[in-house]
Amino acid sequence: MESSDFTRPGAGEFDQVAEYYDHLMKTVPYRHWVDYVESLLRRWEARPVDVLDLACGTGRVGSEMVRRGYQVRGADLAEPMVRECIRQEPPLPAMVCDASRIGIADTRLDLVVSLYDSLNYILVPEKLAAAVREAHRILRSGGLFIFDLNTERALASGLFTQDNMRSDDPLQYTWEAHWDPKSRICRVDMLYYWNGDGGPKHFRETHYQRAYDNSEVLSMLRMAGFTRFESYSAYTFRAVTPLSDRAYYVAVKE
Ligand SMILES: C[S@@+](CC[C@H](N)C(=O)[O-])C[C@H]1O[C@@H](n2cnc3c(N)ncnc32)[C@H](O)[C@@H]1O
C-alpha cells in the first residue's frame with residue numbers, strides 16, 4: 001500500500017494524483033463548461049464579479065474564469081490539489097477546507113460554482129446539505145450557486161470503468177468501478193503508471209462518489225433557504241431525465 005489509507009472512504013483521494021491531474025484531464029473541455037456556466041448566468045440575468053470555485057481541485061475552472069475577468073478564489077479539501085492551483089495560468093488563490101465548513105467569513109459573494117461532480121464526493125447526505133447551507137451563507141442576496149452532479153445513471157452504469165493502457169501516454173491508468181445500489185455509492189479502484197519526467201512511478205487511489213436524486217438535491221436547496229432554483233440536464237436548458245448522466249443546478253439566494 002502507498003501512503004493513502006484506503007480503510008476510510010474518502011481518505012487519500014486526490015493526494016497522489018494531484019501532480020498528474022492536469023495531465024490526466026488534458027482533454028476535458030473546461031472552456032466549454034465555463035461557456036455553459038456563462039450561458040446559465042445570462043439565462044438567470046446574473047453578472048457576478050466575486051466568485052468562489054468550490055472543490056476547485058487544481059483550479060482549472062477558477063483559472064479560466066479569472067482569464068475571463070472574474071475575481072475568483074478557490075477552496076478544496078485536498079491540500080495537494082490546492083498546491084497545484086498556484087501553477088495554473090493565471091494562478092488561482094485557493095484555501096484548504098471542507099465544502100461543509102467553508103473558511104470564508106465574508107457573506108457577499110456573487111457566485112459559488114462547483115463543477116466536475118465534485119459534490120458527489122460528499123458521501124453523507126447531511127454533509128451535502130451542510131455544504132449547500134454554506135454556499136447560501138457566503139452568497140450575497142441575489143447571488144447564485146451553480147454546481148453539477150453525476151446522476152445515479154452515470155454512477156451505476158460503469159462509466160468509470162475505463163483505461164488507456166494501450167495508449168502511449170506517459171500517464172497510463174486503469175479504473176474499475178463498483179456500484180453499490182444500497183448505499184448508492186460508486187467505488188472506483190484506480191491504478192496509475194507514470195513514465196514521464198521523474199518516473200517511472202506507480203500508485204493507486206480509491207475514489208468514492210454518491211448518487212443523489214434530483215428531488216433530494218432540490219429539497220436541500222429549498223431547506224438551505226434558496227427560493228428560486230432549477231436543474232438541467234448538463235449542457236442544455238432541458239429538464240433532468242432518467243437518461244441524464246450529469247445534472248446542473250442553479251439556485252438564487254433572495
Ligand atoms: C473530480 S475533482 C474536480 C476538481 C475541479 N472542480 C475540476 O473541475 O477539475 C473533485 C474535487 O473535489 C474535492 N472535494 C471532494 N470532497 C470535498 C469536500 N468535502 N470539500 C471540498 N472539496 C472536496 C476533491 O479534493 C477534488 O479536488
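How many bridges join strand β8 to β9? Ten bridges join these strands, which run antiparallel, and β8 covers residues 185–194. Helices (H or I, at least four residues) and strands (E, at least two) are DSSP runs, numbered from the N terminus. Two strands pair if DSSP finds at least two bridges between them.

The model is predicted: local features need pLDDT of at least 70, side-chain atom pairs count only at pLDDT 80 or more, and totals for chains, interfaces and linings use all residues. Residues are numbered from 1 along each chain as its sequence is written, and side-chain values use heavy atoms, with hydrogens and water left out.

## Strands and sheet

β8 and β9 belong to an open sheet of four strands, with the order β6-β7-β8-β9 and antiparallel pairing. At its edges are β6 (162–163) and β9 (201–210), each of which pairs on one side only. Within this sheet, M190 stands opposite E205 in β9. Strands of a sheet pair through backbone hydrogen bonds, either parallel or antiparallel.

The parallel sense is found between β4 and β5, which pair over five bridges. Here L109 stands opposite L139 in β5. Strand β5 spans residues 139–150 and is mostly covered, with nine of its twelve residues buried. Buried means under 20% relative accessible area, exposed over 50%, and partly exposed in between (1.4 Å probe, protein chains only).

## The ligand

The shell around the ligand has 19 residues, and Y21, Y30, A55, D76 and A99 come nearest. By residue type, the shell divides into 15 nonpolar, two polar and two charged. In this scheme Ala, Val, Leu, Ile, Met, Phe, Trp, Tyr, Cys and Pro count as nonpolar, Asp, Glu, Lys and Arg as charged, and the others, Gly among them, as polar.

| Residue | Protein atom | Ligand atom and distance |
|---|---|---|
| Y30 | polar side-chain atom | oxygen, 2.6 Å |
| L77 | backbone N or O atom | nitrogen, 3.2 Å |
| S118 | side-chain N or O atom | nitrogen, 3.3 Å |

Taken alone the ligand exposes 590 Å², and the protein buries 96% of that. Accessible areas come from the Shrake-Rupley method with a 1.4 Å probe; for residues, only the protein chains shown count as cover.

## Helix α3

Helix α3 covers residues 60–67, and V61, G62, S63, E64 and M65 in it are buried. The buried residues of α3 pack against α2 (30–43), β1 (50–54), β2 (71–76) and β4. The helix is followed by G69, whose phi is positive, near 105°.

## Two residues and their surroundings

S231 is found in strand β10, residues 228–233. S231 counts as buried because its relative accessibility is 7%. Its side chain makes a polar contact with the side chain of N214, at 3.0 Å. A polar contact is a pair of N or O atoms within 3.5 Å; within protein, one must be able to donate a hydrogen and the other to accept it, and residues adjacent in sequence count only if both atoms are side-chain atoms. Leaving aside neighbours within four places in sequence, S231 is in contact with N214, L218, R238, A239, V240, Y248 and Y249. Contact means heavy atoms within 4.5 Å.

T107 is found in the loop between β3 (94–96) and β4 (109–114). With a relative accessible area of 37%, T107 is partly exposed. Apart from neighbours within four places in sequence, T107 is in contact with R137, I138, L139 and R140. T107 and D148 are 41 residues apart along the chain, and their C-alpha atoms are separated by 22 Å.

## Backbone features in loops

P200 lies in the loop between β8 and β9, and the cis bond from G199 to P200 has an omega of about 0°.

D117 is not a glycine, yet has a positive phi of about 45°. D117 sits in the loop between β4 and α5 (125–138) and counts as buried at 5% relative accessibility. R184, also not a glycine, has a positive phi of about 65°. R184 lies in the loop between β7 (171–180) and β8 and is buried, with a relative accessible area of 13%.

Notes: A residue is near a molecule or strand if one of its heavy atoms lies within 4 Å of it.
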